[in-house]
Amino acid sequence: MEYGPAPESATAANEWLDKHNHEFGLFIDGKWQVPQSAKYFDSINPANKKFLAKISEANKKDVDKAVKAARSALPKWVKLGAHTRARYLYALARQIQKHSRLFAVLESMDNGKPIRETRDIDIPLVARHFYHHAGWAQLRDTELKEYKEVGVIAQIIPWNFPLLMMAWKIAPALAMGNTVVLKPAEFTSITALLFAEICEQIGLPPGVVNIITGAGESGAAMVSHPGVDKIAFTGSTDVGRIIRRATAGTGKKISLELGGKSPFIVFEDADIDTVVEGVVDAIWFNQGQVCCAGSRLLVQESIADRLYKKIKARMEKLRVGNSLDKSIDIGAIVAPVQLKTIEKLVKQGIAEGGEIWQPSWSCPQDGYFYPPTLFTDVSPASTIAQVEIFGPVLVAMTFRTHPEAIKLANNSRYGLAASIWTENINLALEMAPKVKAGTVWINCTNVFDAASGFGGYRESGFGREGGKEGLFEYVKLRTDDLLTVPKNNSNKKIAQKTTSTSVPDIDRTVKLYIGGKQSRPDGGYSLPVYNTSGKLIGEVSEGNRKDIRNAVEAAHAAESWTGMTGHARAQVLYYLAENLFARKDEFVNRLTQMGILKSEATKEVNVSIERIYTYAAHADKYDGNVHHTTSRNVTLAMPEALGVMGIVCPNHSPLLSFISTVIPAIAMGNRVIVIPSETAPLSATDLYQVMDTSDVPGGVINIVTGKQDELAAVLADHDDVDGLWYFGTKEGSKRIEHAAAENMKRTWVNYGKQRNWFDAQQGEGEQFLRHATQIKNIWIPYGE
Ligand code: ADP
């Protein structure tokens, strides 16, 4: 039986476009403004190539105007208070619901995606996002007491889920008391402009939401504007990298949700017919233009042929066509440029030896369409297995055992999502923590909800959107305002290089500590250490690039630390505190030798011991949530260790600052490479014996002494380092953030500002744990 056409009416959408004469200005300070650039570009419907509207192209001056409007609206918006903001968010949700069909039709016309998806998925999720965050707005002052708004937020979004991405950005930002300037992607600006009208209709104070339109240059002007406090970006990894580099050292907060090449892993005991429907949702939802699309099908060898056969049969029945036809499965590709990219990568896949299969029918010719495509016999290293295609192209590979499945799944520079298909819950939950991805769907895929966080690991970016975890992107600690850049340069450098034999009256040079052993530095150099009066008090090894590389290797080898229970890690930390206590006098003496008053030194050792206790306590208590998502799912939000972290310690309070940074990181299961205080490294190196006697497994804490900024640069450049904390200078912070863009490692830098490590509000607490972890959301459906 053939399907007849089932067109959704475009009348209301066309009337709305007519009302605007098919031309839109910029929405700045609550008013529609003509762009200063006087430039416009066309938005077309990719399903029929017809013109929809002329869209303004914002230039630097327009961006400046919008940022200034957001800035001047900020104090009033903050002052309105949590409840009033909650009411505005609630009103936005209601209004979106009231106009849901208009939004859905316009979204389908502008983007090319099927009306079935915009009507049943995108727009309901948009309304849900505003409702959910109306709740967070209400609860902000009680649930996030120690936090305040970040300020003016620049938000840049892609074209694949135009309105949904806008909701993911605007709702939490407003809920936390910020004001925003948002730019939709150039291919899909129209629904954001309808949303601007909704803001007008509910009487949102002018300047709280500003919508500007334009392409990459307009986005770049937002990123570089000095009046912006945070940038929230969703888009390609390449542009994410540009943004990370452009903001390095500025202190602008950033969150990046980038590309993916997500594995869809099928075990032989999976319910194969459900898997086939899962594949459809994973890769043909939204034409495969989904950052978390299950684009790599990893299937257990024993069922591969059977599964491919069923997938092909299903593909043959899929319908590609006009986005406003209610019975089509796959709509149009957003723009010709995207279609060309898909075609080019498919050609490359064939050239590299992949076996291609496409249905027998051909696509309509009136729009930008591409048929569902399956590649089998693909080598894991081939381009189409590694590069994000962002189209309806599925790439399949096989595995035999589950360790092999994990290896294949993690054989990607990305880490956005994964889905795992098996009827064996033990196997699924064994796999979930091992797959490096921010979201893991078990026996389901592409499910989203405002109550659950979403975001990546590795080159898929950092930061979360949705859930309580997503709120932290839009707040900062009130105590952050107390941190200042000291006037005197506390980063006094070590005087000069000597050879280890040039200071005969010092009995020994302290070695490095790598893999649980003391080792000589590769370069064979030592550095003298002076106290505050300039007296020579010892020598330490001068570590170099090779020593850092060895330390990173040792930290990777110590992976079992990450797999240990929080309880087991806590036992090691308590033991460490006990052994530090036993040697308390030695450590006090060392600090006094450095020139610290005895009373201060005693206090520093005591607080250090107490702080180890704090994180030993947290080791089995900083745990996750079960989110209240709307579908029948148990959604687990689990904090996971970043993996291998570098820590560059502050120079001052050398023992306490070492403990305050290293211990929370390892309590959460990370393995670390530490570069201790450059001017006062000896209280860190004195810890070698304490660690040896405390059962800290070799490789969990590796210590490399030497010139901090040189060693920090090696850590920042290292691809196998997942996170880096840096408490040094302003310039050093900039270099770290810039270099970290290469593999998108998570960084936490101080921009030269100092903390009082004795003050528990500045020197310990949840912020350290949060920076040492990333949240993974695991979705487990239940019911028949
Ligand atoms: P995609 O590949 O999904 O189109 P892009 O990263 O190119 O993703 O685009 C995502 C968003 O980023 C769009 O709104 C686009 O206009 C914007 N953009 C593109 N280049 C830049 C840039 N250099 N700086 C800031 N924003 C940019």
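Select E186 and the ligand: a polar side-chain atom of E186 lies 2.7 Å from an oxygen atom of the ligand, a polar contact being a pair of N or O atoms within 3.5 Å. The model is a predicted one, in which local features need pLDDT of at least 70 and side-chain atom pairs count only at pLDDT 80 or more, while totals for chains, interfaces and linings use all residues. Residues are numbered from 1 along each chain as its sequence is written, and side-chain values use heavy atoms, with hydrogens and water left out.

Next, select I157, where a polar backbone atom is 2.8 Å from an oxygen atom of the ligand. At A220, a backbone N or O atom lies 3.4 Å from a nitrogen atom of the ligand. The protein covers 80% of the 560 Å² of accessible area that the ligand has on its own (Shrake-Rupley method, 1.4 Å probe).

Helices (H or I, at least four residues) and strands (E, at least two) are DSSP runs, numbered from the N terminus.

Move to the open sheet of three strands, ordered β1-β5-β4 with mixed pairing; two strands pair if DSSP finds at least two bridges between them. β1 (23-24) and β4 (40-45) stand at the edges with a single partner strand each, so one side of each is left without a neighbour in the sheet. Two bridges join β1 to the parallel strand β5 (residues 50-56), and F24 stands opposite I55 in β5.

Finally, select β25 (residues 525-530) and β26 (residues 536-541), which pair in the antiparallel sense over five bridges. V529 has G538 in β26 as its bridge partner. Five residues lie between the strands of this hairpin, where G534 takes a positive phi near 90 degrees.

Note on methods
Polar contact = N/O pair within 3.5 Å; in protein donor to acceptor, adjacent residues only side chain to side chain.
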